[in-house]
Amino acid sequence: MSRVTLDCQRLLCPMPVIRVQDKALQMHPGEEIEAICTDPGALNDIPAWSRINGHEVLETRAENDLYYVVVRIGEG
Amino acid sequence: MSKQRKAVALISGGLDSLLAVRVMQEQGIYVEGINFFTGFCVEGHTHAIRKKDRKKPKRNNALWCAEQLGIKLHILDIIEEYKEVLFNPKYGYGANLNPCLDCKIFMVKKAKEWMEAHDFDFIITGEVIGQRPMSQRKDTMPVVQRDSGVTDRLLRPLCAKNLPQTLPEREGWVKRDELYDFSGRTRKPQMALAKKFGFEDYAQPAGGCCFLTDKQYAVKLTDLWQSRGAREYELDDIMLLKVGRHIRPAPNYKLIVAREEGEGNFLQGYKRQYSQLRVTSHGGPLTLIDGELSSEDLQLAARIVARYSQGRMEPEVEMEFIDTSGHVQPMKVVPLGPMDVKSEWML
Ligand code: SF4
C-alpha cells in the first residue's frame with residue numbers, strides 16, 4: 001500500500017493539519033500519509049481532523065521530540 | 001421529496017458558530033464547515049511553544065466544534081491572500097491592527113467561492129448584531145453581504161429575526177420563526193441555547209479571534225514594518241512575534257529573547273535564518289538577532305542578553321555569538337545594569 005511522508009517539522013498547528021488535508025485531496029482511499037511534526041498539538045489535531053472527515057488514524061507516536069501521525073485515507 | 005439543502009458555515013471555534021450550525025441542523029439542513037487560517041489566529045500556538053502550557057490538553061477549537069456537530073471541516077490556508085486585506089483595508093482598522101470588517105467581507109467572499117464550487121446553497125455565520133464593535137453592527141452587516149457579493153444567500157441564524165429575510169427563508173428551506181433574535185454584547189442567550197443543546201466545555205475566547213486585536217502584538221507588527229521600511233511579512237515573521245521578549249535597542253536590529261525553555265527550543269529552529277546569542281557560563285535564554293549589527297551593537301546586545309541570564313549579578317558572563325552559517329565567536333561581557341535596560345527598547 002502506498003504511503004507518503006509529509007515533513008511538517010517547525011510548522012505550528014493548524015498548518016500540519018492543512019498540509020495533511022491538502023495532500024489527502026490528491027490521494028485515493030486506502031493510501032496512507034505519515035506526517036512528521038514538531039508541534040505536539042498535531043497529535044490531537046490530525047486525529048480530530050481525520051475522525052471528522054472519515055479517515056482512519058493508524059498510528060500516533062512521539063519519538064525524540066518528533067511526533068508521528070499515520071492516516072489512512074477513507075472513502076468519503 | 002424536496003431537495004436536501006446544504007449550507008457552508010464559517011467556523012471560528014467559538015460558541016456562536018457552534019450554535020448557528022446546530023440551529024440549522026435542527027431544521028434539517030446539511031452543513032459543512034470552513035475555518036480560515038490567516039496566520040494571526042489565536043489557536044494554540046503559544047501553547048504549543050511554551051513548556052509550561054504543554055501539559056494542558058491542547059485542542060483546535062474549530063475541529064472540536066466540528067466533531068461536536070458531526071460535520072466535516074475544511075481548513076483554508078489564506079495566509080498569502082490575507083496580506084492585501086491587512087495592508088489595505090477599505091474600512092480601516094478596529095482598536096488595533098484588526099481590519100475586522102474587511103476581514104469578514106473577505107472570508108464571506110471565500111466562503112461564497114467554496115459554496116459555488118461545491119454546489120452548496122447558502123452560507124451561515126454565528127454573527128450576532130452588536131456583539132462586536134466593527135463587523136457585527138446593524139449598519140455593517142449589510143455591507144458584508146454587498147461587498148462579498150453573497151447578497152441574500154448569507155444567513156445569520158442567531159440574529160436573523162432582526163434582519164431582513166434571506167433567500168433560504170424566502171424559499172422555505174429554513175423556517176424564520178425557528179431562528180433567533182439575539183443582539184448586543186450579552187452572552188446569556190447563547191449560554192442558555194448551549195445548555196438547551198447540551199453543549200459543554202466550549203471555548204470562550206476573550207476579545208477577538210486573532211492576534212491583530214492585541215495591542216502588544218500590533219506594536220510588534222508595526223515595529224517590524226517600520227524596521228523593514230515596508231509593510232510585508234512572511235508566516236515565520238508573524239509566528240516569531242508571538243514568541244519571546246522583543247527588544248529593539250537600535251533601529252537596525254532587534255533581539256528576540258526566549259522567556260523559557262519551550263520558547264528557546266522553538267527559537268532554536270530558526271538558527272539558519274537568524275544569528276544567535278547564547279550564554280555559556282551560566283543558565284540563560286537563547287536569543288535570536290534580527291538585523292545587521294556593528295561590533296558595538298553586538299557588545300550591547302550581548303550585555304542585554306547577559307542581563308537576562310543567571311549571571312546577571314556577576315562581574316562577567318561568557319557568551320557565544322553564532323552566525324547563520326554556524327560560525328561561533330566567543331565573547332565575555334559585563335551584564336547591563338537593571339537601570340540601563342531602557343523601557344523604550346521593549347516592544
Ligand atoms: S478579530 Fe481578526 S480574524 Fe476576527 S474578524 Fe477581526 S481581523 Fe478578522
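## Chain B as a whole

Of the contacts in chain B that link residues at least 6 apart in sequence, 67% join residues at least 24 apart. The model is a predicted one, and in it the secondary structure of chain B comes to 12 helices and 11 strands. The C-alpha trace of chain B spans about 80 × 40 × 35 Å along its principal axes, and buried residues account for 54% of the chain's 347 residues.

## Helix 1 against helix 8 in chain B

Two packed helices are described by the angle between their axes and the distance between the axes. For helix 1 (residues 15-26) and helix 8 (residues 188-197) of chain B, the axes come within 10 Å and cross at roughly 50°, and the two helices are therefore oblique to each other. The crossing in which helix 1 of chain B passes helix 8 of chain B is left-handed.

On the side of helix 1 of chain B, the contact involves B:Leu15, B:Asp16, B:Leu19, B:Arg22, B:Val23 and B:Glu26, which meet B:Gln190, B:Met191, B:Leu193, B:Ala194 and B:Phe197 of helix 8 of chain B.

## Helix 4 against helix 5 in chain B

Helix 4 (residues 79-87) and helix 5 (residues 100-117) of chain B pack at an angle of about 145°, their axes lying 9 Å apart, and their crossing is right-handed. Helix 4 of chain B contributes B:Glu81, B:Tyr82 and B:Val85 to the contact, while helix 5 of chain B contributes B:Asp102, B:Cys103, B:Phe106 and B:Lys110. The residues of this contact between helix 4 and helix 5 of chain B comprise 4 nonpolar, no polar and 3 charged. One of the residues contributed by helix 5 of chain B, B:Cys103, is buried, with a relative accessible area of 14%.

## Two buried loop residues in chain B

B:Tyr180 is located in the loop between helix 7 (167-170) and helix 8 of chain B, and with a relative accessible area of 19% it counts as buried, the cut-off being under 20%. Leaving aside residues up to four places away in sequence, B:Tyr180 touches B:Val23, B:Pro157, B:Leu158, B:Cys159, B:Ala160, B:Lys161, B:Leu193 and B:Lys196. Among these partners, B:Val23 and B:Leu193 also take part in the contact of helix 1 with helix 8 of chain B. B:Tyr180 and B:Val128 are 52 residues apart in sequence, and their C-alpha atoms are 9.6 Å apart in space.

B:Thr140 is found in the loop between strand 4 (122-124) and helix 6 (141-148) of chain B, and this residue is buried, at a relative accessible area of 5%. Its contacts, not counting residues up to four places away in sequence, are with B:Leu101, B:Met134 and B:Ser135.

## Cysteines and prolines in chain A

A disulfide is a covalent bond between the sulfur atoms of two cysteines. Over all chains, a search of the whole structure finds 0 disulfides. For A:Cys13 the closest cysteine sulfur is that of A:Cys37, at 7.0 Å, which is too far for a bond because a disulfide requires the sulfur atoms to be within 2.5 Å. A:Cys13 is buried, its relative accessible area being 8%.

The peptide bond from A:Cys13 to A:Pro14 is cis, with omega near 10°, and A:Pro14 has its place in the loop between strand 1 (3-8) and helix 1 of chain A. A:Pro16, in turn, belongs to helix 1 (residues 15-25) of chain A and counts as buried at 0% relative accessibility. Apart from residues up to four places away in sequence, A:Pro16 touches A:Cys8, A:Leu11, A:Cys37, A:Ala42 and A:Ile46. A:Pro16 and A:Thr5 are 11 residues apart in sequence and 12 Å apart in space, C-alpha to C-alpha.

## Positive phi angles in both chains

Most residues other than glycine have a negative phi, and most peptide bonds are trans. A:Asn64, although not a glycine, has a positive phi of about 50°; A:Asn64 lies in the loop between strand 3 (56-63) and strand 4 (66-72) of chain A and is exposed, with a relative accessible area of 73%.

In chain B, B:Asp201 has a positive phi of about 65° although it is not a glycine. B:Asp201 lies in the loop between helix 8 and helix 9 (215-228) of chain B, and at 58% relative accessibility B:Asp201 counts as exposed.

Key. Residues are numbered from 1 along each chain as its sequence is written. Chains are lettered from A and ligands numbered from 1 in the order in which they are written. This is a predicted model: local features need pLDDT of at least 70, side-chain atom pairs count only at pLDDT 80 or more; totals for chains, interfaces and linings use all residues. Side-chain values use heavy atoms; hydrogens and water are left out. Axes are lines fitted to C-alpha atoms, for helices over the stretch in contact, and angles run from 0 to 180 degrees between N-to-C directions. Helices (H or I, at least four residues) and strands (E, at least two) are DSSP runs, numbered from the N terminus. Angles under 35 degrees count as roughly parallel, over 145 as roughly antiparallel, 65 to 115 as roughly perpendicular and the rest as oblique. A crossing is left-handed if the near helix is turned anticlockwise from the far one by less than a right angle, and right-handed if clockwise. Contact means heavy atoms within 4.5 Å. Buried means under 20% relative accessible area, exposed over 50%, partly exposed in between (1.4 Å probe, protein chains only). Ala, Val, Leu, Ile, Met, Phe, Trp, Tyr, Cys and Pro count as nonpolar, Asp, Glu, Lys and Arg as charged, and the others, Gly among them, as polar.
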